[in-house]
Amino acid sequence: MLGPTVNALVIIIASLAGCFLIRGIPSRFEETLKKAIGLSIIFVGLSGALENESILLLIFSLVAGALIGELINLDGLLNRLGQWAERKLGMGSGASGPASSFSRGFVSASILFCSGSMAIVGSIQSGLAGNHEILFAKSILDGVISVVFAASMGIGVAFSAVPVFVYQAGIALGAMAVRDLLTPDMIREMSAVGSLLVAAIGFNFLELKEIRVANLIPAMFVPLVYYLVVHALGA
């Protein structure tokens, strides 16, 4: 639970700083910070991916995961979920006043912080292997975004820490529940694939070429299926 807790606390602290200490951040600072964080995320992702001990399984996982993800279009599902949440909370309805500002800040930050692949992959690795590095990196990213959002949309951004914590903690606890059923090889290879997806998120922040990372999430579970099949055939 350390990773989800740190992420939520950073969002709260950064949002308060944005609301009361920082106003009108120049866009050039925001752009440079975004690129710096993108490079850091790439480094974290590649470092974890290098723990892989079966390059063929890694490649197969990415290819199979990409096919499955594109078939069910996880990226599109996440986008539609975000749009549904925006409609339900009246965003873009033309309402004005403190309540409208609070709602925009809360919903925008919640959707952004929860819908990304980094939240899913980081929480799974946190629960499976007790590795919180991805969620720590995400905390830095979310902190910078929280400062910018809160400076323009207000205190509602800080309250997004609640759904972020509940969402990530739920995934981490679910991963912990099945951890004893997994072998060290399964956990290592799943974590390696997940780390490579995190590196892809970093490349997206550099805006070189958009990668639909959400559609690659099924790749994380291919090593699990592979080892289960190998075990069953060996038995």
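**A serine and a charged network**

Modeller: A polar atom of the side chain of Ser 160 lies 2.5 Å from the backbone oxygen of Val 157. This is a predicted model, in which local features need pLDDT of at least 70 and side-chain atom pairs count only at pLDDT 80 or more, while totals for chains, interfaces and linings use all residues. Residues are numbered from 1 along each chain as its sequence is written, and side-chain values use heavy atoms, with hydrogens and water left out.

Ser 160 is found in the loop between helix H7 (133–153) and helix H8 (161–179); helices are DSSP runs of H or I with at least four residues, numbered from the N terminus. With a relative accessible area of 0%, Ser 160 is buried (buried means under 20%, exposed over 50%, partly exposed in between, with a 1.4 Å probe and protein chains only). Leaving aside residues up to four places away in sequence, Ser 160 touches Ile 11, Phe 106, Ala 109, Ser 110 and Phe 113, where contact means heavy atoms within 4.5 Å.

The charged side chains come next. The structure holds four salt bridges, each a side-chain nitrogen of Lys or Arg within 4 Å of a carboxyl oxygen of Asp or Glu. Glu 53, Asp 185, Arg 188 and Glu 189 are linked in a network of such bridges. Glu 53 pairs with Arg 188, their closest N and O atoms being 3.7 Å apart. Because Glu 53 lies in the loop between helix H2 (27–49) and helix H3 (55–72) and Arg 188 in helix H9 (residues 184–205), the pair ties together parts that are 135 residues apart in sequence. Glu 53 is exposed, at 63% relative accessible area.

Arg 188 also forms a salt bridge with Asp 185, with the closest N and O atoms 2.8 Å apart. Both residues lie in helix H9, three residues apart, which is about one turn of the helix. Asp 185 is partly exposed, with a relative accessible area of 33%. The side chains of Arg 188 and Glu 189 meet in a salt bridge at 2.9 Å, N to O, and Glu 189 is buried, at a relative accessible area of 1%.

Finally, the aromatic rings: the whole structure contains one aromatic pair. Tyr 226 and Tyr 227 form this pair, which is edge-to-face, at 5.2 Å centre to centre and 75 degrees between the planes (rings of Phe, Tyr and Trp, the last by its six-membered ring, pair if their centres lie within 6.5 Å; planes under 30 degrees apart count as stacked, over 60 as edge-to-face and the rest as tilted). Tyr 226 is partly exposed at 40% relative accessibility, whereas Tyr 227 is buried at 18%.

Technical notes. Helix = DSSP H or I, 4+ residues; strand = E, 2+ residues; numbered from the N terminus. Polar contact = N/O pair within 3.5 Å; in protein donor to acceptor, adjacent residues only side chain to side chain.
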